[in-house]
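Colleague: I would like to learn how to read a model of several chains, feature by feature. Could you take me through this one slowly, giving the general idea before each case?

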Amino acid sequence: MKKYLGIVVVLLLATAVIFSGCTNGATPTPSNGDNGEDAGPVFGGMYTYGFSGEPATLNPILSSDSITSGITNFINESLITLDENLEFAPELAHDWEISEDGLVLTFYLRDDVYWHDGEKFTAEDVKFTYEMILDPGYTGVQSSHLKFVDDLVIVNDYEIEIHLSQIDVPILNRIAAAALGIIPQHIFGEVEASALREHPNSWDPIGTGPYKFAEYQSGRHVVLTANQDYWGEGPYIETIMIRLYQDSQTLLSAFENGDIDFIDRIPVEDIDRIKQTMGDDVTFVEIANNSYYYIGLKQNHKFLQDQNVRQALMYSLDRQSIIDVVFQGYGTVINSHSVPFSWAHNEDVTEYEQDLEKAAELFAEAGFTKGADGYLYNEDGEKLEFVIVSMTGEEDKANVIALVIEQWKEAGADVKVEYYERSVLFNQYLDVGEFESYMWGWNLSVDPDSFNQFHSSQAKLNEAGEPDPDGTLVGFNDVEYINPHVDALLEAGRATYDMQERIEIYGEIQQILNEELPYIFLYTTNDVKAMHNKVKNVVWSPLQPIDHHVWYIDPAFH
Amino acid sequence: MAQQTATIKDIKADETYLKMVWRRFKKHKLAVISLLFILTIALIAILAPIISPYGYDQTNRDNIMSGPSREHILGTDRIGRDMFTRLVWGARISLSVGLVAALVSVTVGTLIGATAGYFGGIIDDILMRFTEMVMSFPVIFLLLTIVTLVERSVFNVMLVIGLTSWTGLARMVRGQFLSLRESDYVEAARALGAKNSRIVIKHMLLNSMAPIIVNATLQVGTAILAESSLSFLGLGITSPPSWGTILNSGRFYMRYAPWITIFPGLLIFGTVLAFNYIGDGLRDALDPYLKR
Amino acid sequence: MKRYLIRRFIQMVIVLIGISIISFLIMHLAPGDPVDIMAERNATPEQKAHIRELYGLNEPLPIQYLNWIGRVVKGDFGTSFVTGRPVLEMILERLPATLILNFWAMIIIYLIAVPVGMISALKQYSWFDHVVTTVAFFGRALPQFWFALMLIYFIGLRFGGVQISGMATWGVNWGVQPFFTVLQDRISYIILPLIVLAFSGMAGIARYMRASMLDVVHQDYIRTARSKGLPEKKVVTGHAFRNALLPIVTLIGFELPILFSGAVIIETIFSWPGIGLLAVNAISQQDYMIVMAFNLLGATMTVIGMFLADILYMVVDPRIKLE
C-alpha cells in the first residue's frame, strides 16, 4: 500500500527537533526479547525479510518504490542519515555546517570509506551522484530534491560544498534519504545519464554500506552478504535474504512458516490471530504511518467551491467508524495536513465529529434543501452530486469509499465513484487535474511543508504562470486551492531555520486548511510490524527498524 | 450428444422444426435442469431490486464478515454488506456480461466467417489471415492487455471479451459457407437469378444456424468465466459488483470469511456448467445430422 | 505437398507480420504509459513530461514501430522501461519455472486423459463413460482460480506438508540434500498448482480422445479386422488405439503456446516465479517492451504450433492429401 503513496514532501532541518518517542497508542519499543544470557553481538547467521512485489531497480538514485529503497538502504549510504529520534546523524559525512546566509552547506566526509570493490570513496563520488541527478537526461524522479542546488564545489577529497540558489530548509532531510544514496563514479562515470537505468551495475550495485550485493533472482529473492571491511560498527549478520512474494497474503504465510523473520505490515484481519499463535517468538511493534488519506475536492467545482458544502460534507462523516470497520481500529482520524505525531501538529483545529444537524444547517446556508427523494437540491433544482475517481485494485480504499459514499448519501449528497487503472487515473485525471474529486494519500515526512500541494504556483497555470483553471497542472495542487495568505505562509516556512517560527507558521496553515478544506481529510493508518526474537539489538525509529549493521542474530539460530 | 445413431430415426415428418427441437431437447435431462436453473438465476437478476433484502452497497457496522445467519442468509462481506444481496445484483452483471459478450462474439464471428465463406478468394484470404492473427494471441494476455488500457465500464468489459472470442466461430461458419456455396440449392437459386444477399440470408445462414446457436450458448459460459478471471486479477466490474469481483474481494479473508469466496465461485461454476449443458442439449436437438 | 508447404509458410509469415503490428498498436494507442506508473506521484506532472520526452515516447508511431521490429528481428526485444534490463533476459530467466510447471501438468494430463478417454469410448454409455463425461463437463466449467483458492483453503491452510506459494525452499538444492528430501520439497510446492492445471486441462483431452476413438471404432478397417476374427484385444491395441492416437499427436502443435501462456493465473495465485507473474506485472505497469514481447512471442508460438500441427497431421496420416 505504501508504495502507492507517493511524494516525500519536503523535509525539515531537524536539528532542533525533539522527538520524544511517539504517537497515540503506538509506542515502538526496542525488541529486546533477550533473557539476560545475551553475550553481545556475534558475527554470523541470516536475517530474512520479504516484500510483496519486485524492486524496479537496485540503483538508489533511480528508485521510486519502497522496495528498491528498502534494499539499497543496506548497500548504499547517504551523506547523512536519520537516527532513532529522527534527528540527523553522520553517515558518509562525519560533520556538516550551514553558512550564515543559509546558502552554502559544507559536508566533511569520512576518509576511511571504501567501495565494495576496494576503490576509495571521495568527494568526487558525491559530486558525480548529485550531478547525475541534475543532468537533463536523468530519468529518475529525484531531480526536484536538488532543485535549488546551484553548484557543487569540491574543496578537497573529503570536503564538499553545496551552493543553493535560495534557502531550502528541507534539503538536509532529502540528502539524508536513501533515495540520495551515493553511487560510485568509477563504475558509472562513463555512462550517459539517460542510459543509467540500463547500466548492468544498476542491477549489480556497488556501495559503501554494511552489506554487499550478492544475487538477485527475479520473483524469488535478493541476497546480500556482510561487508567485512565496513567503516562503521558491524555488520554482525552474515547474510541478508530478501524474499519476493506476490501479495500480502503469501508474505504473511511466509512469516507464519518462519520463512521470513520480519514482516512490515500484518494485515489487520490477521493481527489478533498472529499475536496469539506467534506471540512467544516475535515482538510486535505498532507504528503510525507517516502518511494520510483524503478526498481532494476541486475548489472551483460548481457545488464544492462553497466552503459551507465542504464543511457540511465533513460533518456528515463518522470517520472513526470507517477506521473501525476497514482498519479494525488501527488508524487515527486526521483533520488537516498533518499527522498526530508530527512536531508541527496543531491540535487546535476543528475536529468535525459527525453532526448531521450541523451538516444540514451548512447545506441549507449553501442553498441546499432535501427533496422528496432524500437528496439535497439547490434553488435551481440541481441535485448535490459529484464523482470520486480512484484507482482500481485497492481493496481498503474501495471499502473506505463505499462507507464514505453511504454516509454522504444519508446526509443527502449523491456521490458516485469511478475506478480507473493507475496510468489512466494519472494520465486523464490526476496529472491533468480533471476531476470533481478524487481519493488519494500522501506520504509525508517529518517536515510539515506542503508547498507542492497547496501553493498556487503548483496549480494549473496559464502561459503567464498565473493560476488558471484552463491552464496546465504543474505540481500537485490539483484541487486548485488558491489562497494568497497560505502562499505567503508556505514560502516563509521554507525560508526560515527558526524552529519556533516554523511551528507557528505550519500551525496556522493547518488551521486554515482545516477550515477551508481543500481536502476531505480522512485518516492515517497504523501498521503492526513483527520481528522474530532471534534478531537482537534491533533499533526502531518511530517509523521503521533502522541501523541494520548493529543487529545480530542469536547464536542459537546460526 | 452421443445419441446420433438413435436420433436420426427420430424425425417426424408432420412436425414443425421448432417443435421437433423442443421435443428432442427435452430428452436431455441435464440440459432441461440447466435451463430451469438459468431461468431461475435470470429471474432473480431481473427482480434484484425486489428480492434483495438490503441495498447492494448498504453496510452493517455490527455485522462485519459474519457468517450465514437469519439476518444475512449468506453472511456479510468485509465491510458488512449482505452477501445474498450482492450476489443477486452480481447475477445481473455476470449474466449480462455473458449474454452481451456472446452476442458480440457471435455477431462478429458470423459476419466475418460468412463474408469469407461466401465470397471466397482474396476476401476469404484476408479475413482468414486476420482471424488467424487474432486467434494466435494467448487469450488471457490479450484480454488483460486491452482491459488494462480501455476505460473500465461494464460495456467495455463485455466488448473486449466478445471481441477476443469470435475466431473459432468465424472459422466454422466459413467452412459451412464454403461447402454450402457449392451445394445444389444455392446453385439452383443462383440459376433462378436470385440476388447474392438473398441467397446468403435465406439458404446459407439458415443452414448454419444450428452450430451458431450452439456456439452462442457455450460462449455465454465462456464469457462469464473470462469476466471472473479478469475480476480475479482486479480488472473486473466493481459497482454493482460481478460475481468474480465479489469472489476476489474475499480472497484475502478466506480464513475468516470463506463464504465470501465460496458462494460466488459456486454460482459461477453452476452457471457456466448449466450453459454448457444447454449447449450440449441444443447440439443434439437442433440438428439430427450434426456430428459430434 | 511441397507447394502446399510453401503456401502455408508464406501465410504464416503474413500472419506474423500482422501479429507484430497488432502487438505494437494495442500498447501504443492506449492512454498513459510506463512513466505514469514508474514515477507515480513522486514526480510532478511537469517532471513526468520531461521524462516522457527522454524516452522518445513522443515520436511518431510508424517510426517507433519500425525501430522496434527492426531490433526484434535481430533478437533484441528492447529493455524494460521499469527495470532497464533486457526484456529477453527477463523472460528467459523466468521461463524455466513456467516450463517445469506446464511440462509436468501436460505429462499428467496425457497420462490420465488418454487411457480414460479410450476406455470411455470402448465402454460407451457405461457408468464409467458417464462419470468421465460428467467430470469433463465439470472441468470445463470450473473457474480455475476459484478451484485454486478452494485448494488453498481446504488443503493448503490445513496440511503442513503442502506449500501454497513459491516453488522451492531456499537452500534445499539437488545434490546438497538427499534426493528424496529435495524431491519431497519440490513436490510440496508444485502439487497444488499441478492439480489445478491437470484437472482443467484433462477434460478437453479426454473428450477429444474419446471422440477420436469412437470415430476409429466405427471405421471400416476396424470392422474388417473384427470380421476377420482378430481377437478384440488385438483389434483395440493394434489398430484402434494407434489410429485414434493420430489426432492426439497433432495436438502437440497446439500445446506449444500453452507451455508458454497456460498458467498465467495459476502462477499469480501460487506465487510461482514463472513468466505468468512477470506478464501480469508488466501489463499492470504498462511496461511496453515486455508486454509487446509477450504478445508477440505467445502469438508466434501459436502460429508455429499450428503450422507444426498441419505438418504432423500430414506425416502421421497419409490418407490426407492437401490439394
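**Reading the chains and their contacts**

Modeller: In chain C, 76% of the contacts with a separation of 6 or more are between residues 24 or more positions apart, where contact means heavy atoms within 4.5 Å. This is a predicted model, in which local features need pLDDT of at least 70 and side-chain atom pairs count only at pLDDT 80 or more, while totals for chains, interfaces and linings use all residues. Residues are numbered from 1 along each chain as its sequence is written, chains are lettered from A and ligands numbered from 1 in the order in which they are written, and side-chain values use heavy atoms, with hydrogens and water left out.

Colleague: How many helices and strands does each chain have?

Modeller: Helices (H or I, at least four residues) and strands (E, at least two) are DSSP runs, numbered from the N terminus. Chain A has 14 helices and 26 strands, whereas chain B has 13 helices and zero strands, and chain C likewise comes to 13 helices and zero strands.

Colleague: How should I read the radius of gyration of chain A?

Modeller: The radius is taken over C-alpha atoms, and the globule rule is 2.2 Å times the number of residues to the power 0.38. Chain A, with 558 residues, has a radius of gyration of 24 Å, which agrees with the value near 24 Å for a compact globule. The C-alpha trace of chain A spans about 75 × 60 × 45 Å along its principal axes, and for chain C the corresponding box is roughly 85 × 60 × 40 Å.

Colleague: What fraction of each chain is buried?

Modeller: Buried means under 20% relative accessible area, exposed over 50%, and partly exposed in between, with a 1.4 Å probe and protein chains only. By that rule 62% of the 558 residues of chain A are buried, as are 57% of the 292 residues of chain B and 54% of the 323 residues of chain C.

Colleague: And how much of the accessible surface belongs to carbon and sulfur atoms?

Modeller: Accessible areas come from the Shrake-Rupley method with a 1.4 Å probe, and for residues only the protein chains shown count as cover. Chain A has about 19,800 Å², 44% of it on carbon and sulfur atoms; for chain B the area is about 12,500 Å² and the share 66%, and for chain C they are about 14,400 Å² and 70%.

Colleague: How is the size of an interface expressed?

Modeller: It is often given as the accessible area lost when the parts come together; here buried area is what two parts lose on being put together (1.4 Å probe), summed over both. Chain C and chain B bury about 4,300 Å² between them, with 77% of it on carbon and sulfur atoms. F137(C), F145(C) and W146(C) supply 15% of the area that chain C buries against chain B, more than any other three residues. This contact takes 51 residues from chain C and 43 residues from chain B.

Colleague: Is A148(C) buried or exposed, and which residues does it touch?

Modeller: A148(C), which lies in helix α7 (residues 144–156) of chain C, counts as buried because its relative accessibility is 0%. Leaving aside residues up to four places away in sequence, A148(C) touches V196(C), I266(C), I269(C) and F270(C).

Colleague: Which residues other than glycine have a positive phi, and where are they?

Modeller: Among them is M65(B), with a phi of about 50 degrees, in the loop between α4 (48–51) and α5 (83–119) of chain B; at 13% relative accessibility M65(B) counts as buried. Another is Y125(C), whose phi is near 70 degrees, in the loop between α5 (87–122) and α6 (127–141) of chain C; Y125(C) is partly exposed, with a relative accessible area of 44%.
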